[in-house]
Amino acid sequence: MKISYGINEVEQVAKNLLKNTKTKTILFYGHMGVGKTTLIKALVKVLGSNDDVSSPTFSIINEYKLQDGKIFHFDLYRINDIEEAYNFGIEDYLDSEHWKLIEWPEKIEAILHQDADKIEIILDDNNNRIISLK
């Protein structure tokens, strides 16, 4: 699935993505500034959380509440190796049945579940985002 969208269409894109994902683990690939966190904010809203969503760049993980569960939002950009992920208990999060939205998943690919949904975001020449769901 491939979608091209402007930033003002991000909530509709989030709804469409959720209809097409197969798991509660979504991996976000893309360069810095491409809109990963913006899309995650829309996904969190569409999933039903009223929490304020911000990038967990320095905290590494943010937790958002849902009526019937939680969303874990990871930004792994600042970790240096998989050992740092083990130090904050990444395997407990990955093994949970809650939603897991992971930016910079390439840092922990060796321990990710194979059935996760993968999203790649790129910018085109018109500053639109092009999303690929794999």
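Ala, Val, Leu, Ile, Met, Phe, Trp, Tyr, Cys and Pro are counted here as nonpolar, Asp, Glu, Lys and Arg as charged, and the others, Gly among them, as polar. The structure is a predicted model, in which local features need pLDDT of at least 70 and side-chain atom pairs count only at pLDDT 80 or more, while totals for chains, interfaces and linings use all residues. Residues are numbered from 1 along each chain as its sequence is written, and side-chain values use heavy atoms, with hydrogens and water left out.

On a 1 Å grid over the protein atoms alone, a pocket is an open set of points where a 1.4 Å probe fits, with protein on both sides within 12 Å along at least five of seven lines, and lining residues have an atom within 4 Å of a point. Grid points are joined across faces, edges and corners, and a volume is the space filled by probe spheres set on the points. The largest pocket has a volume of about 170 Å³. It is lined by 14 residues, of which Met32, Gly33, Thr37, Asp75 and Glu103 are the closest to its centre. Sorted by class, this lining holds four nonpolar, six polar and four charged residues.

Helix α2 (residues 36-47) gives the most to that lining, with three residues. Helices (H or I, at least four residues) and strands (E, at least two) are DSSP runs, numbered from the N terminus. The twelve residues of α2 reach 16 Å from the first C-alpha to the last, close to the 16 Å expected at 1.5 Å a residue, where the expected span is 1.5 Å times one less than the number of residues. Several residues of α2 are buried, namely Lys36, Thr37, Leu39, Ile40, Ala42, Leu43 and Val44; buried means under 20% relative accessible area, exposed over 50%, and partly exposed in between (1.4 Å probe, protein chains only).

Most residues other than glycine have a negative phi. Ile60 has a positive phi of about 75° although it is not a glycine. Ile60 also sits in the loop between α2 and β3, and its relative accessible area of 17% makes it buried. Another non-glycine residue with a positive phi, of about 70°, is Asn127, placed in the loop between β6 (117-123) and β7 (129-133).

Attention now turns to the aromatic rings. Rings of Phe, Tyr and Trp (its six-membered ring) pair if their centres lie within 6.5 Å; planes under 30 degrees apart count as stacked, over 60 as edge-to-face and the rest as tilted. By this rule the count comes to four aromatic pairs. In one of them, the rings of Phe72 and Tyr93 have centres 4.8 Å apart and planes at 75°, so the pair is edge-to-face. Because Phe72 lies in strand β4 (residues 69-75) and Tyr93 in helix α4 (residues 90-94), this pair ties together parts that are 21 residues apart in sequence. Phe72 is buried, at 5% relative accessible area, whereas Tyr93 is partly exposed at 23%. Phe74 and Tyr93 form an edge-to-face pair as well, with 5.5 Å centre to centre and 85° between the planes. Phe74 is in strand β4 and Tyr93 in helix α4, so here the parts tied together are 19 residues apart in sequence. Phe74 counts as buried, at 0% relative accessibility. Phe72, Phe74, Phe88 and Tyr93 form one aromatic cluster.

Glu63 lies in strand β3 and is partly exposed, with a relative accessible area of 44%. Asp117, found in strand β6, is buried at 5% relative accessibility.
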